[in-house]
Amino acid sequence: MTAVFLALAIGLVLGTTALNGPVADSLSDQVNSLSKKNENLRDQVGHLEEELKKQEQFVEELAPTVLTGKLTGKRVLVVDISGAKAEQVDGVRRMLEIAGAKVTGRISITDEFTNPAKNPLLVDQVSKVLPKEITDPLTSSYGADSAAALLAAVLLDHNPVVPKEARSTVLAAFSTNRFLTVTGEITETAEAVVLVSGPPSTDREASKRNDAVVAVVEQFDKPAPIVVAAPNASGDGNVIGVLRGDPALSKSVSTVDNVSGAVGQLVTVMALVEQIAGHAGHYGIAGGASGLAPKSEKK
């Protein structure tokens, strides 16, 4: 009996030893294969990243050829909202300056402005600092509307002219209440606007916040040509998607949905040139875009 068990034990050991070789070799081959695939994928990602950098560099170098002189002497206000990234706003400003535009200033509209809980304070603030030169103020219980209309009146060309002192008073009041921040000094009014937006809000008040962003666009659109640019058009309440889907605003406001890179920043300025000429267009890579860029200057 002991001999039988001994024979079985020896058989198991010998069998396991015999199997270890092929199984180990197979596993080793699979590991080596996966390792090579991962290395290839890393190489591909590295190549794509390098290619993207080269493309961005190419667009930067191409920009003067495409833009120089297109906006010479034009006064343009740069507005950012919804947490737009500074590098995107700076990129658009750089392209505007290449085109010869005079950037009259930059304002950042904060989350306090779009916060529905601050609506009463916003309405009250408008009534307190309304310049006497604005004889046809927008009277509304919706703070985003009335405040955006006031900002448009003091920051853009207005008849009658709003004095610099009155503009400074309005901006100081809004800044004190953290409704906006002003970068640098605004010394004169603008005749056109570029608004750079971040992603749509997603908190419990998202719908109302996103509506407030659209209200800002609508009020700035009334007195001046405007281009709205964002890094994409996805997400509920995304301002680009809303504008493109609005029968009226889609005909008066231009949009660009890929402002995160140099291509979109260049196209944003091309779209502004088109806007000032009296035409709206929608550009980028998302749904609702008519193309990557304006094809030619419309007559």
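I began with N210, which I found in helix 7, the stretch of residues 206-221. I keep in mind throughout that I am reading a predicted model.

Is N210 buried or exposed? I looked up its relative accessibility, which is 6%, and because buried means under 20%, N210 counts as buried. I then listed what N210 touches, leaving aside its neighbours within four places in sequence, and noted contacts with P200, S201, D236 and G237.

Next I turned to how helix 7 sits against helix 5. Two packed helices are described by the angle between their axes and the distance between those axes. For helix 5 and helix 7, I noted that the axes come within 8 Å and cross at roughly 35°, and that the crossing is right-handed. On the helix 5 side I wrote down A144, D145, A148, A149, L151, A152 and L155, which meet A212, A215, V216, Q219 and F220 of helix 7. Sorting this contact by class, I have 10 nonpolar residues, 1 polar and 1 charged.

Which helix gives the most to the lining of the largest pocket? I found that helix 5, residues 143-155, does so, with 5 residues. The largest pocket holds about 300 Å³ of space, and I recorded 18 residues lining it, with I134, D136, A149, A153 and H158 lying nearest its centre.

How values were computed
Residues are numbered from 1 along each chain as its sequence is written. This is a predicted model: local features need pLDDT of at least 70, side-chain atom pairs count only at pLDDT 80 or more; totals for chains, interfaces and linings use all residues. Side-chain values use heavy atoms; hydrogens and water are left out. On a 1 Å grid over the protein atoms alone, a cavity is a set of points where a 1.4 Å probe fits but cannot get out, and a pocket is an open set with protein on both sides within 12 Å along at least five of seven lines; lining residues have an atom within 4 Å of a point. Grid points are joined across faces, edges and corners, and a volume is the space filled by probe spheres set on the points. Helices (H or I, at least four residues) and strands (E, at least two) are DSSP runs, numbered from the N terminus. Buried means under 20% relative accessible area, exposed over 50%, partly exposed in between (1.4 Å probe, protein chains only). Contact means heavy atoms within 4.5 Å. Axes are lines fitted to C-alpha atoms, for helices over the stretch in contact, and angles run from 0 to 180 degrees between N-to-C directions. A crossing is left-handed if the near helix is turned anticlockwise from the far one by less than a right angle, and right-handed if clockwise. Ala, Val, Leu, Ile, Met, Phe, Trp, Tyr, Cys and Pro count as nonpolar, Asp, Glu, Lys and Arg as charged, and the others, Gly among them, as polar.
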